[in-house]
Amino acid sequence: MGEGTVASPVKPPQGIRPTMSHRARVDPIRLPVARTAHEDRSFWRTYIFSTDHKTIAKQYLFLALFMALLGGYLVYVMRWQLAFPDTSIPGFGFVGPETYNALTTNHGTIMVFFVAMPILLGAFGNFLIPLMIGARDMAFPRLNMLSFWILFASSLVIMSSFFVPGGAAAAGWTGYAPLSARTEYTGVNWGINLWLLAHALEFASFLMGGVNFLTTAITMRAPGMTFFRLPLLVWQQMTASVIFLLSVGPLIAGAVMLLMDRLLGTSFFVPEQGGDPLLWQHLFWFFGHPEVYVLLMPGLGAVLEVLAVFSRKSIFGYRWIIYSTISVGFLSLIVWAHHMFISGMDPRLAMPFSITTILISVPIALIVFSMILTLWKGSIRFTPPMLWALGFIVMFILGGLTGIVLGSAPVNIQVHGTYFVVAHFHTVLLSVVIFGSFTGIYFWFPKMFGRMMNVPLSNLHFLLTLIFFNLTFFPMHAVGLAGMPRRITNPLQYEFLQPVQSLNVYITLSALGLTLAQFLFLINFVWSIVAGRKAEDNPWESATLEWTAPSPPPHGNWGDTIPTVYRGPYEYSPPGVREDFLPQDLAPSARSD
Amino acid sequence: MFLNWLPENVSIHGAEIDSIFHLIYYITLAWFIVTVGALIVFALLFRRRDGQRAAYITGDRLPHAAWLLIPTALVLMLDLWIDFRGGDAWARVKLHAPPSELQIQVTGKQFNWEILYPGPDGRFGTPDDLQIDNELHVAVNRVVGLTLKSKDVIHSLYLPNLRLQQNVIPGREFHAWFQATKPGVFEIPCLELCGFGHSGMVGHLIVHTAEEYDKWVKEQWPAPSSPLKESDQP
């Protein structure tokens with residue numbers, strides 16, 4: 001079906017005759033937006049400075065994939081150095097400790113702020129929120145464009161920091177003061193200033209994005225799309241936005257204070273003049289921990305959508321998941337000091353924070369149980385997105401459980417600051433950023449680009465990623481328990497680490513395998529965009545609204561009418577209907593005959 | 001399999017920390033096996049078969065919701081168990097230090113541990129104080145009190161064999177304690193990124209037997225008086 005024709009939202013299932021009643025309603029306010037699809041737009045307005053939420057989503061995705069290559073290159077240098085200390089690294093050369101610290105710092109910053117957030121919030125949120133709620137675009141399309149371009153500027157700033165005298169920021173991605181507050185402690189001057197500037201721009205970008213997400217999801221839902229008919233992904237994007245908006249303010253204040261300490265000689269965090277280094281840690285983690293859940297929520301959302309579609313079953317306990325999501329959001333704001341058990345804060349604070357930390361596992365566990373129970377009595381199709389979703393659950397359970405070890409204050413004494421922490425947060429965060437993102441990308445690719453991805457190549461990518469992921473991060477727990485400190489350049493400097501050096505070599509080789517496996521995705525991705533098989537509007541037979549639009553949807557998403565919603569998002573295999581799913585927009589009268 | 005990776009514990013409080021680690025290890029291992037086992041079994045059991053439809057279960061209301069709520073309640077109980085066990089151990093290590101028999105001051109600076117001994121008079125700030133960088137000499141089975149400081153940035157004193165870690169922050173003073181149960185030499189890495197020399201910032205804890213320790217004290221302070229006054233520290 002051509003662009004601009006009045007789209008039939010979905011091919012009606014056999015035996016069910018759709019009525020015209022739900023299409024007859026023309027929204028006079030939104031109609032002009034749809035008509036713009038017919039207008040000729042310049043190359044610049046269509047592909048570069050576009051206000052179309054789908055184009056912006058793709059821009060976030062492409063930027064994130066590019067930054068992932070950069071972040072991956074940094075970690076390649078780091079892992080090589082750890083396995084074969086002080087040897088020349090192919091494609092880099094020798095890496096000194098100053099450079100190594102800059103690599104760890106920027107690997108963390110880039111992967112969290114320029115890869116994970118742009119994919120999980122920027123790409124998924126932008127692409128899916130309007131399509132899933134039945135809106136023609138975001139509430140503030142120009143603000144949306146501005147959000148992306150500010151993030152783009154921010155990524156230029158962080159990349160340029162590698163080329164200023166003194167090199168890039170080298171005080172850790174957490175930027176603990178006073179190391180980060182005075183140039184003489186690291187020898188890095190403009191590197192850290194630019195690092196802070198990049199954060200400021202990043203936060204501004206996602207603050208505007210969060211406002212846009214919330215406004216869109218609350219005010220622009222299609223007729224009939226009540227809150228309890230929203231797909232869980234929308235709920236989770238909304239919760240993520242709220243947590244981000246609530247938690248980022250204190251860190252913005254902290255970042256400004258740190259910048260003033262550096263540039264104006266103030267002393268918010270430098271103790272010699274009355275500053276408090278712990279204040280920075282509180283401000284950082286007050287944001288930093290909720291940030292983990294900001295990333296987790298959209299990943300969970302993507303996985304839940306996929307589980308329902310490919311189990312051909314309703315999500316088990318839709319409402320319980322919503323309540324759990326909100327509880328997680330609230331609890332995530334009061335767990336931050338578990339990063340600081342041994343930081344020197346009042347030790348009496350440890351137990352309250354240990355309790356909230358371990359309690360947050362309760363609603364998270366409920367969501368995991370619900371995912372597993374969704375499979376019960378399903379009719380499971382092992383498509384590529386489904387494999388990634390199942391992989392996500394396994395890795396997320398593993399990463400979540402090791403968090404209990406760290407969340408227990410007395411055990412934290414032993415493992416804090418070791419590779420156990422690195423192993424834990426890579427397992428749990430990459431379950432979201434790798435497995436969650438690929439679940440979403442493989443699932444919504446047909447809608448985004450109008451073409452299907454190659455299935456055997458997708459399956460091979462999944463298999464190799466799953467294997468190398470575990471070969472990389474599982475032994476890292478052991479290295480951490482043995483006491484290997486984070487952020488060291490050369491494990492051979494420590495006698496007690498000699499026995500684990502062979503494991504370090506093994507981890508590095510596995511990490512190389514994990515990195516190489518991702519090129520299978522890149523090849524498949526690029527090839528499928530250009531030459532993949534054309535996708536139908538609803539290739540997965542999914543019930544949610546985004547699949548009622550053409551693939552790919554035109555500017556304005558639907559033709560003259562937006563869909564009207566009659567039911568919840570997961571009506572799979574309902575009794576008394578021949579087909580095994582009921583699209584959200586199928587009028588009930590169509591079922592009666 | 002992971003239990004053996006922890007370094008040998010040679011402190012009096014370490015066994016309790018290890019036992020909580022073991023508790024968490026077995027609880028989480030069991031959960032992992034049960035949940036991932038269920039996932040795999042369900043995925044295989046309910047794979048697509050021709051002519052077979054999925055069941056229609058929303059799980060929002062009882063009795064179906066009980067399948068969600070009962071395991072969740074179990075998680076809550078296990079969580080509380082771990083927390084209550086942990087609370088006691090934490091208090092013993094970090095809140096209620098026993099009176100120390102040896103008092104030593106450790107100061108982190110880029111990129112050394114400056115270790116200051118009070119000398120025979122048992123007091124800091126007197127002429128018999130002795131500073132030795134990166135060597136912490138103590139006697140076995142004696143309660144050692146540490147005064148921890150930093151001169152520049154945040155460092156973290158880590159004694160993996162003693163299950164002891166404490167960050168040190170410039171401008172403040174912290175107290176830690178331990179009682180080693182076995183003589184030997186153990187490394188003291190810095191565990192908080194502190195600059196370009198962070199990697200390799202490592203001291204040594206030398207736990208002497210009682211006789212060796214007396215001998216070491218006599219070598220450092222050849223005076224006839226008693227090496228350290230005991231139990232009169234603040």
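A residue is called buried here if 20 or more other C-beta atoms, placed from the backbone, lie within 10 Å of its own. By that criterion, in what is a predicted model, buried residues make up 63% of the 593 residues in chain A.

The secondary structure of chain A consists of 18 helices, with zero strands. Its radius of gyration is 24 Å, close to the 25 Å that the globule rule gives for 593 residues, so chain A is as compact as a globular protein of that length. Along the principal axes, the C-alpha atoms of chain A fill a box of roughly 75 × 50 × 50 Å. When contacts in chain A between residues at least 6 apart in sequence are considered, 83% of them join residues at least 24 apart.

One helix can be followed in more detail. Helix H17 of chain A, residues 501-531, has 31 residues and reaches 46 Å from its first C-alpha to its last, close to the 45 Å expected at 1.5 Å a residue. Its buried residues include Leu503(A), Ile507(A), Leu514(A), Phe521(A) and Phe525(A), and the buried residues of H17(A) pack against helices H3 (53-83), H15 (419-449) and H16 (455-481) of chain A.

Turning to the contact between the chains, 85 residues come from chain A and 75 residues from chain B. On the side of chain B that touches chain A, the largest share, 16 residues, comes from H2(B), and by class this side has 45 nonpolar, 18 polar and twelve charged residues.

Notes:
Residues numbered from 1 in each chain as written. Chains lettered and ligands numbered in written order. Predicted model: local features only at pLDDT ≥ 70, side-chain atom pairs only at ≥ 80, totals over all residues. Helix = DSSP H or I, 4+ residues; strand = E, 2+ residues; numbered from the N terminus. Rg over C-alpha atoms; globule rule 2.2 N^0.38 Å. Buried ≥ 20, exposed ≤ 12 C-beta atoms within 10 Å, placed from the backbone. Contact = placed C-beta atoms within 7 Å. Expected span 1.5 Å × (residues − 1). Nonpolar A, V, L, I, M, F, W, Y, C, P; charged D, E, K, R; others polar.
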